[in-house]
Amino acid sequence: MELPSGIKMTPMLEQYTYWKDKYPDCLLFFRMGDFYEMFFDDAETASSVLDITLTSRSKDSEARIPMAGVPFHSVDSYLGRLVAAGYRVAICEQMTEPDGRTLVERSVIRIVTPGTWMPENAEGDGKIAALSFAGKEISVALLESASGSLRAGTFQLEGGVSLLTAFSPNEIILRRGQRDEFIKNCPLIAERSVVERDKGDFSPQQASAWLCRRWGIASLSAMGLDDRDEAAGAAAAALKYLEETQFSKASHITAVTPILPRENLILDQSTQTNLELIDKGETSLFWSLNKCRTSMGRRLLKEWITSPLQDIDAIERRQDVVGRLAEKRKLRSALFELLAECRDMGKALSRLTLKMGSPCDLLAIKETLKMLPEIISLIKEDETLSPLVPDCDASELSALLFAAIGDSAPRMLRDGGVIKPGFSAELDKWRDVAANSSSRLAAFEEGERERSGIKNLKAGVNKVFGYYIEVPKGSLSRVPADYIRKQTLVGAERFITEELKKFEDEIFRAEGEIQSIEAKLYAELVERTLDASASVQRGANFIAELDSFASLAAVADERGYTRPKIDMSKDFVVKNARHPVVELTLGKNPFTPNDFNFSAENGRRIALITGPNMAGKSTYLRMAALIAIMAHIGSFIPAESAKIGLVDRVFTRIGARDELARGQSTFMVEMVETANILRHATDRSLIILDEVGRGTSTYDGLSIAWAVVEFLQGQEHAKPRVLFATHYHELTQMADLLPGIVNLSMGVEESERGIVFLHKIVEAPSDRSYGIEVARLAGIPSAVLRRSQELLAKFEEEGAQKNEEMKQSPHSQLTLFDVRQEAILEELAACDPDNMTPLSALELVSRLRGESRKVLGFK
Ligand SMILES: Nc1ncnc2c1ncn2[C@@H]1O[C@H](COP(=O)(O)OP(=O)(O)OP(=O)(O)O)[C@@H](O)[C@H]1O
């Protein structure tokens with residue numbers, strides 16, 4: 001960097017600019033004694049983001065160098081705020097002890113970034129995603145440092161993006177040149193911190209070779225991933241980034257687990273936000289299901305919620321465990337007690353591996369390992385729970401840490417007291433020397449008083465001058481001959497003797513020895529812990545899993561949930577379902593349960609739900625989606641009974657809060673979301689549509705809504721289950737026109753004082769919209785209400801006529817024709833003749849010909 005004019009280069013500034021030049025995109029935290037100092041622009045940035053004082057350093061130069069500093073012992077809270085604001089920070093440490101003569105050596109030892117930030121006691125799990133786009137595919141790697149998990153896979157764009165959004169990375173590693181694609185396809189995470197890496201870093205061949213070397217395997221296929229899969233490139237890019245920023249080997253990440261395209265139920269971006277799956281605050285599904293006692297459990301439960309399963313066996317295995325823990329109350333509460341004593345062992349291990357650990361992390365591992373055998377013995381006799389126990393014998397490490405680490409180990413090694421008394425005889429010896437210093441000094445003082453006869457003689461110690469004997473001016477004549485003058489004060493003189501000097505050397509040496517022995521033992525303990533990291537990691541994962549299971553079980557038991565039957569049918573039959581979140585927020589008022597009833601027997605799979613605002617339509621719709629998701633997590637559900645045919649995706653078109661903030665029109669967002677659903681829904685999808693077509697003029701909206709329902713009803717190979725809430729009463733006629741559609745409405749009771757919402761679903765269309773009654777409830781002046789009544793009568797008359805016309809129109813044929821035709825045109829438009837072999841071109845032409853003949857009805 002260029003120094004501003006007028007500023008003289010000093011050796012220290014030279015050192016500063018050297019490191020700043022190496023990390024120009026980071027704020028440089030330059031360690032100076034007990035502070036991290038920032039200079040120039042960095043100081044100004046830090047001062048405004050952290051609200052700390054901006055001072056200046058201007059000893060020998062007239063020019064002032066802006067400067068701001070933070071104390072090193074509380075650096076974490078400042079780092080957390082900078083990282084949250086999207087900054088990257090390079091930590092430049094002192095590598096040699098200051099001796100007052102030569103310049104202290106300094107070096108950057110790690111870079112703190114949003115995706116690698118893992119504070120000890122706060123939120124921050126170090127989540128990095130690496131991705132690369134290739135045509136209509138996306139390869140994704142998801143790295144969660146705190147749990148040591150690295151997963152990767154290649155997907156169709158939509159599925160990959162949904163997975164990525166669900167993971168919610170703190171930092172994204174992108175292939176250089178793909179930023180536009182990223183912004184276009186991943187709007188919900190587009191504002192996260194992004195780092196670009198060269199194409200070569202994503203090359204699957206090089207990446208696989210690199211990963212195989214580090215894990216000592218011949219091919220990634222040993223882990224289920226193809227060496228040529230672009231996902232291997234993404235996995236290596238993520239891991240390399242972690243190591244490159246932390247300047248250490250991430251040896252706690254021992255494998256890459258492939259994410260199979262059909263492994264998880266897909267929750268597209270808007271669904272994740274619309275349904276408030278894991279949002280902060282007291283309205284999310286996570287909030288309602290979370291009774292975890294550990295951070296590890298909470299982390300895993302969030303992962304389960306955002307990536308529900310697709311494999312019935314796996315779902316049933318989870319249900320078995322939840323069921324067992326739900327019925328065994330005593331065991332569960334004993335388990336909860338033990339879990340409450342566990343600390344975040346996964347994160348502690350990860351911090352130690354990445355050299356950002358502290359004695360507190362060893363303490364966390366020690367305390368958690370201590371609980372592990374008790375937890376295992378609690379469940380190992382139970383045949384349903386015992387298969388959860390992994391091979392994680394860390395008893396040797398546990399015993400070692402138990403013997404070595406004190407129960408109140410400090411955050412900083414240099415604060416001392418990390419190692420327990422009794423662990424090292426040498427350390428104990430020096431501690432004794434240091435500890436006895438005050439009693440020995442007192443004894444020495446007494447002896448000197450007697451020897452000299454000076455009653456008011458004092459022996460003491462001072463940080464700068466060391467040990468001394470202080471004699472008041474009036475007694476100086478009696479000072480023994482062997483006293484050596486050290487310092488003169490106003491009313492006294494200070495002396496030292498040979499004996500006191502020896503004592504002083506011994507004490508100072510003791511302090512030095514204590515520090516260096518503790519540092520050596522600490523380093524050894526860290527090494528031993530890392531040697532056992534595979535077991536520790538397995539133990540951490542086991543605790544996380546058990547905690548999540550116990551949480552789901554507690555919720556199931558306490559709130560009377562039942563075990564849903566998941567099968568390969570396309571049913572969605574739920575009796576007396578309750579909304580898992582609204583139920584909790586209603587307080588004393590009971591939630592009115594409702595049924596869902598789509599089955600092969602009754603042939604229904606599309607429900608049109610009408611009824612006034614506030615009647616409970618949205619709650620009913622969201623409840624269906626949440627129950628489906630819960631069922632696929634392996635959780636029990638708030639209902640009397642349920643039979644749910646496997647769901648591959650949950651689509652929702654509900655609110656548009658986020659997008660509104662980003663400046664898109666409500667109607668546009670509505671249409672984009674609807675288009676996505678129409679294009680991607682399959683036979684196994686569950687679709688929740690809350691008001692489609694509302695954001696435009698009535699007849700436009702009605703026509704779109706009508707056509708959407710027709711389309712969802714009429715597709716040959718995609719017959720999803722659909723819940724469609726609407727204000728368009730005209731749509732209710734569709735149940736008579738097309739099979740599979742049923743009209744439902746929210747019950748309302750009219751009384752003299754107005755309407756009462758019953759919140760009960762009825763199998764009939766709502767007779768009218770009650771909009772004016774709701775407006776009355778809201779306090780709209782009666783003159784306006786009267787006028788609305790008049791207008792309503794008039795509009796209804798005109799509307800009835802138009803409906804007749806609509807019924808007559810030849811709908812489904814035309815819709816299907818249009819859609820297929822469009823698909824053919826789209827495929828044709830997307831092909832790239834310049835890069836096609838003659839054979840594949842011929843194949844395309846022949847296929848498209850076949851398709852077009854089908855659409856046109858040729859034989
Ligand atoms: N089944 C139920 N039992 C008890 N209370 C309910 C039930 N369903 C909904 N409610 C209550 O009614 C309120 C309104 O419900 P909801 O938002 O679902 O209505 P809506 O018909 O979708 O309204 P709008 O069309 O204005 O969005 C909820 O906040 C909840 O407090």
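**Entry 1. Conventions and overall figures**

I count two strands as paired if DSSP finds at least two bridges between them. Helices (H or I, at least four residues) and strands (E, at least two) are DSSP runs that I number from the N terminus. I am working with a predicted model, in which local features need pLDDT of at least 70 and side-chain atom pairs count only at pLDDT 80 or more, while totals for chains, interfaces and linings use all residues. Residues are numbered from 1 along each chain as its sequence is written.

I found 29 helices and 27 strands in the protein. The C-alpha trace spans about 125 × 65 × 65 Å along its principal axes. I then looked up burial, taking a residue as buried if 20 or more other C-beta atoms lie within 10 Å of its own, exposed if 12 or fewer, and partly exposed in between, with C-beta atoms placed from the backbone. By this rule, 40% of the 859 residues are buried. For contacts, I required C-beta atoms, placed from the backbone, to lie within 7 Å. Of the contacts between residues at least 6 apart in sequence, 68% join residues at least 24 apart.

**Entry 2. Strand 9 and its partners**

I examined strand 9 (residues 149-156) next. Seven of its eight residues are buried, so the strand is largely enclosed by the rest of the structure. Strand 8 (residues 137-144) pairs with strand 9 in the antiparallel sense, over eight bridges. Within this pair, isoleucine 138 has phenylalanine 155 of strand 9 as its bridge partner. Four residues separate the two strands of the hairpin, and glycine 148 there takes a positive phi near 70°.

Strand 9 also runs parallel to strand 12 (residues 257-258), to which two bridges join it. I noted that arginine 151 has threonine 257 of strand 12 as its bridge partner.

**Entry 3. Nonpolar cores**

I defined a nonpolar core as a set of buried Ala, Val, Leu, Ile, Met, Phe, Trp, Tyr and Cys residues joined through C-beta atoms within 7 Å. The largest such core has 173 residues, and those touching the most other members are Val140, Ala141, Ala152, Ala234, Ala235, Ala238 and Ile627. I listed the contacts of alanine 238, leaving out residues up to four places away in sequence: Ile128, Ala130, Ala141, Leu143, Leu150 and Ile173. Another core, of 25 residues, lies apart from the largest one and includes Leu27, Phe30, Met67 and Leu82.

**Entry 4. Antiparallel sheet 14-15-17-16**

I traced an open sheet of four strands in the order 14-15-17-16, with antiparallel pairing. Strand 14 (458-462) and strand 16 (484-488) are at its edges with a single partner strand each, so one side of each is left without a neighbour in the sheet. From one strand to the next, the twist averages 40°. Strand 16 and strand 17 (residues 492-496) run antiparallel and are joined by four bridges. Here I recorded arginine 485, whose bridge partner in strand 17 is phenylalanine 495.

Helix 17 (residues 437-452) packs on this sheet, where it touches strand 14 and strand 15 (466-472), and its direction makes about 140° with that of strand 14. The angles here run from 0 to 180 degrees between N-to-C directions, with axes fitted to C-alpha atoms, for helices over the stretch in contact. I also found helix 18 (residues 498-531) lying across strand 15 and strand 17, at about 145° to strand 15.

**Entry 5. Mixed sheet 18-22-19-20**

I traced an open sheet with mixed pairing, formed by four strands in the order 18-22-19-20. Strand 18 (565-567) and strand 20 (594-598) are the edge strands, and each pairs on one side only. With direction ignored, neighbouring strands of this sheet are turned by 15° against each other on average. Strand 19 (residues 572-577) and strand 22 (residues 641-645) run antiparallel, joined by four bridges. Lysine 575 stands opposite serine 641 of strand 22.

**Entry 6. Annotated binding site**

I consulted the UniProt record, an unreviewed entry, which places the feature "binding site" at Gly611, Pro612, Asn613, Met614, Ala615, Gly616, Lys617 and Ser618. UniProt positions are given in the numbering used here, feature names are shortened, and annotations may be inferred rather than shown by experiment.

Alanine 615 is in the loop between strand 21 (606-610) and helix 21 (617-633). I counted alanine 615 as buried because 25 C-beta neighbours lie inside 10 Å. Residues up to four places away in sequence aside, alanine 615 touches Met746, Val748 and Phe757.

Serine 618 lies in helix 21. I counted serine 618 as partly exposed, with 19 other C-beta atoms within 10 Å. Beyond its neighbours within four places in sequence, serine 618 is in contact with Asp690 and Ala725.

Note on methods:
Two residues are in contact if their C-beta atoms, placed from the backbone, lie within 7 Å.
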